[in-house]
Amino acid sequence: MSEQKSTPGARDSFSSKFGVIAAAAGSAVGLGNVWRFPYIAGEGGGSAFLIICIGFVLLLGIPIAVAEFSIGRHGQANAMTSFKNIAPGTKWHLTGFLGILAAFVILSYYTTISGWTLEYMVNSFSIGEASSPMNNPNYFQDFISEPFRPILLQGIFMLLTAGIVVFGVSKGIEKASKILMPLLLLLIIVMCIRAVTLEGGMEGVKFLVKPDFSKVTGQTFLNAMGQAFFSLSLGMGVMITYGSYIQKKDNLLSSAAQIALADTVIAVLSGIMVFGSAFAFGIAPSQGPSLVFVTLPNIFKDMFMGNVFAFIFFLLLTIAALTSAISIFEAIVAYIHERFKMSRIQASALGVVLVLAVGIPITLSEGELGNLKILGRNLLDFFDFLASNIMLPLGALLITLFAGWFHGHQGFRDEITNGGTANMKIYPALEVLIRFVAPVFIVIILMAGIMQI
Ligand code: PHE
C-alpha cells in the first residue's frame, strides 16, 4: 500500500481481497435486498422467485460482474475513462458515460429513501409508547409528503456518504466497509433469531422456503432478472470503478462469486426476518413497497422490546443503504476527480451538489411536487423505472457486448485468467455466457421495459 502511495499519480486500490469483497458486497447489499426483495418475493411465490433469481445470478449476474471488473481493472480508471483507455478513438466510452448518468439518477432517489430510513431509525426509540409519532396510522404518508424533514435527512445521508468517499478507496471506502459489513451481518442475524422465535414466526420461514409456482408468471421472470441486476449493482459502472481498484493478483471470478453469495444470503435472511415477523403477527406477506415502512413498525409496536428491535432493524437498513450509496457516489466522484483533474474533496463537494439538485425535487415528489408526472409516474417512480428498467439493462447490454466482442479474446481473457494462470477450465463457459446468453436475456428485459412506456 505504502509503495503505491509514494508514487505520484498512482491510483489508490483496495489493500486486500477481504477489502474488495467487503466493499463490493457492501455495494450489492442495499435497499434492494432488505426493502425490495422481501416484497417482490412475497408477490412472486416465495422460494419460487428465489430459485429463479439465483438462476439469473449464476447465469447472468456473476458473468456480468466479472466483465465489469475486467473492464475496470484493464482500463485502470473511472467507468468512462476505462473504456477510453481500452478502446481509444471509439465511441465505447459513451457506455461509461451512460453508467455515470445512471449512477446520478439512482443516487438521487436512493438518498430520498435512505433519508426515510434515518427518520425511522431516530423515531424507533419511542415505538410502543403512547406519545410515539408512529402511532398515527398515516405517519409514513404524512412524513414523506412533508417538505422539510425528508430533505434535511436526505442531505444528512448524502453528507455521511460523501464523508466516507472523500477519504478515498483504501482509507475511506474499504475501511468503512470492513467495519459496517460484519456489523450488518450480525444485526441481521439477531433480527432473524428474533423473528423465528416469535410464536408463529416459523410460518413465515415456511412461506419463504416452500415454492409456490402457481404465482410465477412472465412478469416474475422479468422482476427476478431486474432484481438480480439491481441487487448486484450491475450495468452502471459501479463495478467497473471498483474493478479498477482490484489488485492484479486477485481472482476476479472468485471475488464476483463470493459477492453474489453474500448478496443472496443477505436477501434470504432479510426475507426470513421480514416474513417471520409478519406471519407471527398475522399480516399478509405481499404488502408492496410499504412493507418495511408501514407494516414492520406496526409489528414492532406490539413486540416485547419492540423499540430495541425497531432500532436494530432501521440501523441495519441504514447501513445497507449507506454502503451502496458509497459505491454509487464513488463512481461519480472517481469520474469528476479524474476527468476534470479536481481534488477528491472538490469532486465530492461538486458531486453532493449535483446529486441533491436532482434528489431534492425527487424527495418533494412525494408531497409538494406530487402533481408533476412523467409518463404517468411521480418523479421518484419515474426515475426508479428509468434507471432499473432502461438505463441499467442498456448499460449491461453494452458492457457484455464490449467485454465479449470488442475487448474480446485477449484483453477479457487475460484479466479473467490472470494472464492464463487462473480459471482456465471455466473460462470458455464464461465467454459463452457473456457473448451469447447474457445479451439475449438483457435484450428481453430491455424490450419489456420499453414496452411499458
Ligand atoms: N445493489 C444495491 C441494492 O441492492 C443498489 C445499487 C444499484 C447499488 C446499482 C449500486 C448500483 O440496493
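**Ligand site and pockets**

About 750 Å³ of space lies in the largest pocket, where a pocket is an open set of points on a 1 Å grid over the protein atoms alone, with protein on both sides within 12 Å along at least five of seven lines, and a volume is the space filled by probe spheres set on points joined across faces, edges and corners. This is a predicted model, in which local features need pLDDT of at least 70 and side-chain atom pairs count only at pLDDT 80 or more, while totals for chains, interfaces and linings use all residues. Residues are numbered from 1 along each chain as its sequence is written, and side-chain values use heavy atoms, with hydrogens and water left out.

**Largest pocket**

- The lining (residues with an atom within 4 Å of a grid point) comprises 31 residues, of which Arg36, Tyr39, Asp384, Phe385 and Asn389 are the closest to the centre of the largest pocket.
- Two or more lining residues come from each of α3, α6 (93-123), α7 (139-144), α11, α17 (379-406) and α19 (427-452), the helices being DSSP runs of H or I with at least four residues, numbered from the N terminus.
- By class, this lining of the largest pocket has 15 nonpolar, 10 polar and six charged residues, with Gly counted among the polar ones.

**Ligand**

- The space taken by the ligand is the largest cavity, a cavity being a set of grid points where a 1.4 Å probe fits but cannot get out, and a molecule sits in one if more than half of its atoms lie within 2 Å of its grid points.
- Among the 15 residues around the ligand (a heavy atom within 4 Å), Ala28, Leu31, Gly32, Tyr110 and Phe230 come nearest.
- The shell around the ligand has seven nonpolar, eight polar and no charged residues, and α2 (17-28), α3 (31-43), α11 (218-231) and α15 (306-339) each supply at least two of its residues.
- A polar side-chain atom of Tyr110 lies 2.6 Å from a ligand oxygen atom, whereas ligand nitrogen atoms lie 3.1 Å from a backbone N or O atom of Ser231 and 3.1 Å from a polar side-chain atom of Ser233.
- The protein covers 100% of the 320 Å² of accessible area that the ligand has on its own, as computed by the Shrake-Rupley method with a 1.4 Å probe.

**Second largest pocket**

- About 250 Å³ of space lies in the second largest pocket, and of its 14 lining residues the closest to its centre are Ala25, Met181, Pro182, Leu185 and Ala262.
- α2, α9 (169-197) and α13 (252-280) each supply at least two residues of this lining, with α13 giving the most, five residues.
- The lining of the second largest pocket divides into 13 nonpolar, one polar and no charged residues.

Methods:
A polar contact is a pair of N or O atoms within 3.5 Å; within protein, one must be able to donate a hydrogen and the other to accept it, and residues adjacent in sequence count only if both atoms are side-chain atoms.
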